[in-house]
Amino acid sequence: MLEMTSMLTDAKPGSDDTADGNDNPDASMNGDSSKRALVRPSSPPPITGFTKVLVAFAALGGFLFGYDTGVVSGAMILLRQEFNLNTLWQELVVSVTIAAAAVAALFGGKLNDVFGRKPVILLASAIFTTGAVVMSISQSKEILLVGRIIVGLGVGLASMTVPMYIAEAAPAHLRGRLVTINNLFITGGQFVASVIDGSLSYWPWGWRLMLGLGAVPSAIQLIGFIFLPESPRWLILHDRPQKAKKVLTLIYGKGSPEVGSQLEKISKSVLEQREEQQAMKGSNWVILRILQTPPVLKAVIVGCSLQMFQQLAGINTVMYYSATIIRMSGVKDNSTVIWLAAVVGFVNFLFTFVGVYLVDRLGRRILTLGSLSGVTFSHMFLGIGFLLMAINAPPVTVHNPQAGQCGTYSNCERCILQEECGFCFDVNRTGSVVNGSCLPINESSTGYSNVGRCSAAEGFVDGSGELDWSEEYCPTKFGIMALVGLIVYLMFFAPGMGPMPWTINSEIYPQWARSTGNALSSTTNWLFNLLISMTFLSLAETITRQGTFFMYAGISLAGVLFLYCLLPETKGRPLEEVINLFSKPWSPCCGEDASRSYKPLDGSSFQDEKEDQREPLLFPDDDRQSHDVAAVT
C-alpha cells in the first residue's frame with residue numbers, strides 16, 4: 001500500500017512513470033484550448049509480440065470451451081448407439097458439463113480474487129486434461145458422465161477467467177478486439193471439433209478419440225501458462241506495483257510512456273476504491289458492496305442479462321444439437337450428418353472474424369443489437385421450416401396391430417415426436433414416400449423397430465433395401481430449410497451475441513468487483529445454458545420443433561427491446577472509466593449512442609485526461625498539417 005502511494009507521488013515528469021513526456025504536464029491545460037485540439041497526437045502504441053503470445057495462450061481456454069461444445073454434437077450420434085442412450089441420458093451427457101461449469105464459474109470469482117488469474121487458468125487446464133482422459137477410456141455411461149462433470153469444472157473456470165485476464169492485460173484501444181479473440185478461439189474449437197467428429201465418424205469407437213483429443217490443447221495451455229505473468233491489475237490490487245510495472249513493460253514495450261501512464265491510472269483507481277471501501281465501514285463481502293453501490297449493481301444486471309439472452313437465444317441448442325437438428329431435417333447417414341455439422345461450425349468460426357474486425361469500429365452496442373435482431377429472424381425462419389415439414393409429413397397408411405400406442409398416430413410428425421416411436425416407410429421410383437408405418441423402437445437398438453416390417457425379426461437392415469427407418473426425422477422436401485436456417489442463424493449470432501456478452505462483461509466492472517461480477521455473469525450464462533440444453537429435446541417432443549423455435553424467437557425479440565433500452569457503449573474507454581457509464585439514473589431507452597466520441601464522465605478519476613491521448617477526427621489526415629500551421633501563425 002505504501003509502495004503504491006509513493007509511486008504515485010514520486011513520479012517525475014518526463015520519466016517512464018508519467019502519463020506523457022511533457023516537462024510541464026499542466027501546460028496544455030493552461031494554453032489555448034483550440035490550439036491544443038489542433039495538435040496531432042501520438043499514435044496508439046502498437047501491439048507487442050509478448051501481448052500476442054499472452055492472448056493466444058489465454059484464448060486456448062476459449063478453444064477448450066468451444067471444442068467441448070462442438071465435439072459432443074457429433075460424438076452424441078455414436079454415443080447414442082454405443083450406450084443406447086435415451087432422451088434423458090442424451091440431455092444428461094450434455095447438461096452435467098454445463099451444471100459443473102456453472103458451479104465452477106460461481107466459485108471461480110473468489111479463487112481469482114485470492115490466488116490470481118494465472119493460477120486459476122492453470123487449474124482449469126489441469127482439470128480439463130484429466131476429464132478428457134477419463135471420457136476417452138470410459139467403459140460405461142456412468143463413467144462417461146463423471147468425465148463430463150470433470151471437464152465442466154475446467155471449462156467453467158476458464159470461461160470466466162480468460163476474458164477478464166485478457167481485458168486486464170490488453171491496451172485500451174485494442175481491448176475489444178483482443179477479448180473477442182477468445183470468442184474466435186471458441187468458434188475455432190467448435191469447428192476443429194466438428195472436423196474431427198467427421199473424420200472419426202466412420203468407426204464406432206471414434207467417439208473415444210473425439211473426446212480424448214481435447215486433452216492436447218489443455219496440456220499445451222498448462223505448459224505455456226507456467227511461463228506467463230499474472231494480470232498487472234491484480235498485482236497492483238495486491239500491492240505488487242513493481243511486478244505490475246514489469247508486466248506492463250512487456251505488454252507496451254520498453255521505454256513506452258504508456259507503462260507509467262497505465263501504472264498511475266490503475267494505482268489511482270485502486271486507492272480510490274480502498275477509500276470507498278473504508279467509507280463503507282470496511283465491508284469485505286464484495287457481493288454486499290455491489291448491492292450497496294448502484295452503478296456497480298446496474299452493471300451486474302446488464303452483464304447478467306447479456307449472458308442470459310445469449311443462452312435464451314438458443315446458441316448452445318444449435319451447437320450441442322446441430323447434428324440432431326440436421327438429422328431432424330431429413331439427412332440419414334451418420335457421417336453426412338456430422339460433416340454437415342462441420343459446415344455449420346465453419347460458418348460460426350468464419351463470421352466470428354466479422355466481430356473481431358467490427359468490435360472496435362462499430363462498437364459493442366450496435367453489434368449486439370444488430371446480431372440479436374438477426375437471431376430473432378433466424379429463429380422465425382427455422383420455426384417456419386419445421387412447420388412446413390410438419391404440415392407435409394408423410395401419412396401413416398400401413399397399420400400394425402402389434403404397434404400399441406405408436407399405431408394410433410396418423411402421420412410421421414406425430415409419430416417421431418414420441419420418444420418410443422419411429423417411422424418405417426418405402427420410397428418409390430419417383431422419390432415419393434409411401435407405405436408409412438409408426439412402430440415402437442427396439443429397446444436394445446434404435447436402428448430397428450420392435451415389431452413389424454422394420455424389425456430385426458423380419459431381417460430388416462436399415463438402408464440395404466427398399467424400406468427405410470427413422471426415429472428422428474420425417475422425409476420431406478422442406479428438410480433443407482433446417483440447414484439453411486442454422487447457417488443464417490450463425491451468420492447473425494457469431495459477430496455479435498457470440499463474443500459481445502463476454503467482451504462487455506470483461507470491462508464494465510471496477511477492479512474490486514471484476515472477479516465477482518464476471519463470476520455472477522458467467523454463472524448466469526451456464527445456468528441458462530443448462531436450462532436450454534436440458535429442455536430442448538423435451539420441448540421439441542412437447543410443443544413440437546417449430547413451437548420451440550418460435551418460442552426462442554419471442555425471447556430474442558424481448559432481448560432486443562431490453563438491451564436497446566439499457567445497454568451503453570463501452571468502446572474506447574479505459575477500464576477504470578467504464579463504470580461511470582452506469583452512474584446516471586436509468587430511464588426508458590437510455591442506451592448510449594455508439595457514434596459519440598469518448599469524453600470522460602462527471603466524477604471520473606480521469607476527467608482531466610488530455611483529449612490528445614486519442615486520435616481526434618477534426619480534420620482529414622491530408623489537411624491536418626496545414627491546419628496546424630494556420631493555427632500557429
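**Exercise 1.** At 1% relative accessibility, does Arg148 count as buried or exposed?

*Solution.* Arg148 counts as buried, because its relative accessibility is 1% and buried means under 20% relative accessible area, exposed over 50% and partly exposed in between (1.4 Å probe, protein chains only). The model is predicted, so local features need pLDDT of at least 70 and side-chain atom pairs count only at pLDDT 80 or more, while totals for chains, interfaces and linings use all residues. Residues are numbered from 1 along each chain as its sequence is written, and side-chain values use heavy atoms, with hydrogens and water left out. As the next step, locate Arg148: this residue is found in helix H7. Helices are DSSP runs of H or I with at least four residues, strands are runs of E with at least two, and both are numbered from the N terminus.

**Exercise 2.** Determine how H4 and helix H7 are oriented relative to each other.

*Solution.* Begin with the angle: H4 and H7 (residues 141-169) pack at about 155°, and their axes are 8 Å apart. Axes here are lines fitted to C-alpha atoms, for helices over the stretch in contact, and angles run from 0 to 180 degrees between N-to-C directions. H4 is therefore roughly antiparallel to H7, since angles under 35 degrees count as roughly parallel, over 145 as roughly antiparallel, 65 to 115 as roughly perpendicular and the rest as oblique. For the handedness, H4 passes H7 in a left-handed crossing. A crossing is left-handed if the near helix is turned anticlockwise from the far one by less than a right angle, and right-handed if clockwise.

**Exercise 3.** Describe the loop residues Asn84 and Ser140.

*Solution.* Asn84 lies in the loop between H4 and helix H5 (87-115). The phi of Asn84 is positive, about 50°, although this residue is not a glycine. With a relative accessible area of 29%, Asn84 is partly exposed. Ser140 belongs to the loop between helix H6 (117-137) and H7, and at 23% relative accessible area Ser140 is partly exposed. Ser140 and Phe83 are 57 residues apart along the chain, yet 7.3 Å separates their C-alpha atoms.

**Exercise 4.** Characterise the packing of helix H19 and helix H24.

*Solution.* H19 (residues 364-391) and H24 (residues 545-566) pack at an angle of about 165°, with axes 8 Å apart. The two helices are therefore roughly antiparallel. H19 passes H24 in a left-handed crossing. The residues of this contact divide into 17 nonpolar, 8 polar and 2 charged. In this classification, Ala, Val, Leu, Ile, Met, Phe, Trp, Tyr, Cys and Pro count as nonpolar, Asp, Glu, Lys and Arg as charged, and the others, Gly among them, as polar. In the loop between H23 and H24 one finds Thr544, a residue other than glycine whose phi is positive, near 75°.

**Exercise 5.** State which residues and helices line the largest cavity.

*Solution.* On a 1 Å grid over the protein atoms alone, a cavity is a set of points where a 1.4 Å probe fits but cannot get out, and lining residues have an atom within 4 Å of a point. The largest cavity is lined by 17 residues, and Asn183, Ile186, Gln190, Ile315 and Phe493 lie nearest its centre. H4 (49-83), H8 (175-200), H15 (294-312), H16 (315-320) and H18 (334-358) each supply at least two residues of the lining. The largest share, 4 residues, comes from H8. By class, the lining divides into 6 nonpolar, 11 polar and no charged residues.

Note on methods. On a 1 Å grid over the protein atoms alone, a cavity is a set of points where a 1.4 Å probe fits but cannot get out, and a pocket is an open set with protein on both sides within 12 Å along at least five of seven lines; lining residues have an atom within 4 Å of a point.
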